[in-house]
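Work through these exercises with the model open. Try each task before reading its solution.

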There are 2 protein chains.
Amino acid sequence: MSTQVVIAVDVGGTGIKSALVTRDHEVVHTERHATGAERGADAVAETILAVATGLAEKARADGLVPTAAGIAVPGVIDEHAGVVRYAANLDMHDYPLRELAEAALGLPVRLGHDVRAGGLAEATLGAGRGLDHVLFMPIGTGIAAAHIVSGRVLAGAHGAAGEIGHIVVRPGGPRCSCGQIGCLEAVASASAVGRRYSALAGTTRNAREVAELAQAGDPIAAQVWAETVDALADGLLTGQALFDSELIVVGGGLAEAGEQLLAPLREALRGKLTFHREPGIVKALLGDEAGCLGAALLALTLVEVDHPTDTPKPVKKAATRARKKAAA
Amino acid sequence: MSTQVVIAVDVGGTGIKSALVTRDHEVVHTERHATGAERGADAVAETILAVATGLAEKARADGLVPTAAGIAVPGVIDEHAGVVRYAANLDMHDYPLRELAEAALGLPVRLGHDVRAGGLAEATLGAGRGLDHVLFMPIGTGIAAAHIVSGRVLAGAHGAAGEIGHIVVRPGGPRCSCGQIGCLEAVASASAVGRRYSALAGTTRNAREVAELAQAGDPIAAQVWAETVDALADGLLTGQALFDSELIVVGGGLAEAGEQLLAPLREALRGKLTFHREPGIVKALLGDEAGCLGAALLALTLVEVDHPTDTPKPVKKAATRARKKAAA
């Protein structure tokens, strides 16, 4: 019997990660391509479709049977309609990407949101596997979140849920790109950490450099780091009041600081809790593979289980590999 | 064929509302009893069980067949375990109410949280019927919320989700009973409205009286009302960033002010939205029947559909009656 695979495509502002993934979550082939966002929406869509159809051909050439595709995109995504409502990075507005992909592939396609796809992968195969109430919060250029309950990512009524980066934690603080004042993203994203240090010290440093300086005892870097941790704790406190998560999985560039970020964050959050139940706080396990694995999981929901007597295969090689990588 | 009914019990700090409800949501009998909370947890539990068994007997005497029971309780409720983790009003700590009720009734029982049960009823039979993303926010002595997605109320990992009353909207503001400073509940609950007016005016008034004074042009009352609306809009703004609701259903005592509250609240929220999608804001329809109807809905999830060929009955008399009452 031929092995069935799904086509997974994770579209970012600069690069496209793609893969062929089996029904038991084994990644059998990966490819990376440039997004070429500067070429405009139609050219980007053409590249996405070319990547997806190329993967389908590759699968068939290798004796595999492609059965569905999942495409994860950043922005405001209407997953139900299969339409990219707004993706600033890709210059897409009300773009019917699912329909185009289904026509190109001749396969069922699910369109998803990049952070929610990554959260689904972390909650199912990564740091949150086995848990029912997981909040995935990547901290990079911006801050977003995906709220996953019993393996379902909650997208909200308009695909705009989980915007933890845009809750106001510092009234009177810096203006956020969203137009509000004092959003979590404006004070605690990786970009904000770099901006704040550069403003205080008069030298340009990025978040990774600020983390290193703080560890080396630089007082300004230590102050910026402490302010960042405190703001993140305020954001998570609000998130916990509304979501009551069991585990918070921190991802993105800032999470690369590991325990330098997470240990004081746990302590700061604990100091602010009153009635709230304390969630676990851990680093994401799947790194930048999360979005692509999540796209595969979306695609797998479209695949009919046509061999119900198959023995379940609990081994999840991609997740195991990522966990080994994270532990190394 | 005998009509099947479920037993619904909504336990409040002062009163117990209870009913017999058919599978098509018709309320065929109601009773109210005093909670007698001052007598302690065991006496309250005895009263709850007596009310429930009395309803079962009443049903049988009327030729009805009781099939299950739902009990809604305020506090921290572990719905999965059927245990009241903590209910300050009822003096209950880790109280196995479901087990006791099942033993007393000889029927399956579901234990629920009062606000979440009320939210389930509003989302299913009341103001949010037909919608998939509803936030129910009763404003009374406190402020809470129930987040209902596709007919499922999200309780969180520890039964503590939806605590919108305890997000900090006024840093440096009044201390909340939860221990934090500046919680929404501490500045915008019905109790807070009364407290704030009394402090500014030097005369004791409750929220209803403050609403009347504001409408009559009293400047202090108008100021308190405007501050309350602004704080509620800040709380809903944060809720919208995380939940992306389609409709916000406002209940509780403060919602009795109707459009005097909701019209400026819609306007204030609209003025604060940036990327967020604007939700509808309406008054709850089911009034103080919501919790009891929600307990019935919980019980109905336990009832086997043993007559799958029955014609579905879309008429929901209880909801229709409540809507008529609300419109009158």
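**Exercise 1. Which residues line the largest cavity of this predicted model, and how do they divide by class?**

Step 1. List the chain A side. A:His147, A:Leu154, A:Gly156, A:Ala161, A:Gly162 and A:Phe243 belong to the lining.

Step 2. In chain B, strand β10 (146-149) and helix α7 (219-243) each supply at least two lining residues.

Step 3. Sort by class. The lining has six nonpolar and five polar residues, and no charged ones. Gly counts as polar here.

Step 4. Note the volume. The largest cavity holds about 60 Å³. It is one of three cavities of 30 Å³ or more in the structure.

**Exercise 2. Which residues line the second largest cavity, and how many of them are charged?**

Step 1. Find the residues. Chain A gives A:Val149, A:Arg152 and A:Leu154. Chain B gives B:Val149, B:Arg152 and B:Leu154.

Step 2. Count by class. Four residues are nonpolar, none is polar and two are charged.

**Exercise 3. In chain B, are the axes of helices α3 and α9 roughly parallel or roughly perpendicular?**

Step 1. Recall what to look for. Two packed helices are described by the angle between their axes and the distance between the axes.

Step 2. Locate the helices. In chain B, α3 covers residues 114-124 and α9 covers residues 290-300.

Step 3. Read the geometry. The two axes come within 7 Å and cross at roughly 85 degrees.

Step 4. Classify the angle. The range 65 to 115 degrees counts as roughly perpendicular, so α3(B) is roughly perpendicular to α9(B).

Step 5. Identify the contact. From α3(B) come B:Asp114, B:Ala117, B:Gly118, B:Leu120, B:Ala121, B:Glu122 and B:Thr124. From α9(B) come B:Ala290, B:Gly291, B:Leu293, B:Gly294, B:Ala295, B:Leu297 and B:Leu298.

Step 6. Sort the contact residues. Eight are nonpolar, four are polar and two are charged.

**Exercise 4. How many residues does each domain of chain A give to the contact between domain 1 and domain 2?**

Step 1. The domain assignment gives domain 1 as 4-119 + 287-327 and domain 2 as 130-283.

Step 2. The C-alpha centres of the two chain A domains lie 27 Å apart.

Step 3. Count the contact. Domain 1 of chain A gives seven residues, and domain 2 of chain A gives 12 residues.

Terms used. Residues numbered from 1 in each chain as written. Chains lettered and ligands numbered in written order. Predicted model: local features only at pLDDT ≥ 70, side-chain atom pairs only at ≥ 80, totals over all residues. Heavy atoms only, no water. 1 Å grid on protein atoms, 1.4 Å probe; cavity = no way out; pocket = protein on both sides within 12 Å on 5 of 7 lines; lining within 4 Å. Points joined across faces, edges and corners; volume = space filled by probe spheres on them. Helix = DSSP H or I, 4+ residues; strand = E, 2+ residues; numbered from the N terminus. Axes fitted to C-alpha atoms, helices over the stretch in contact; angles between N-to-C directions. Parallel < 35°, antiparallel > 145°, perpendicular 65-115°, else oblique. Contact = heavy atoms within 4.5 Å. Domains from an automatic or database assignment.
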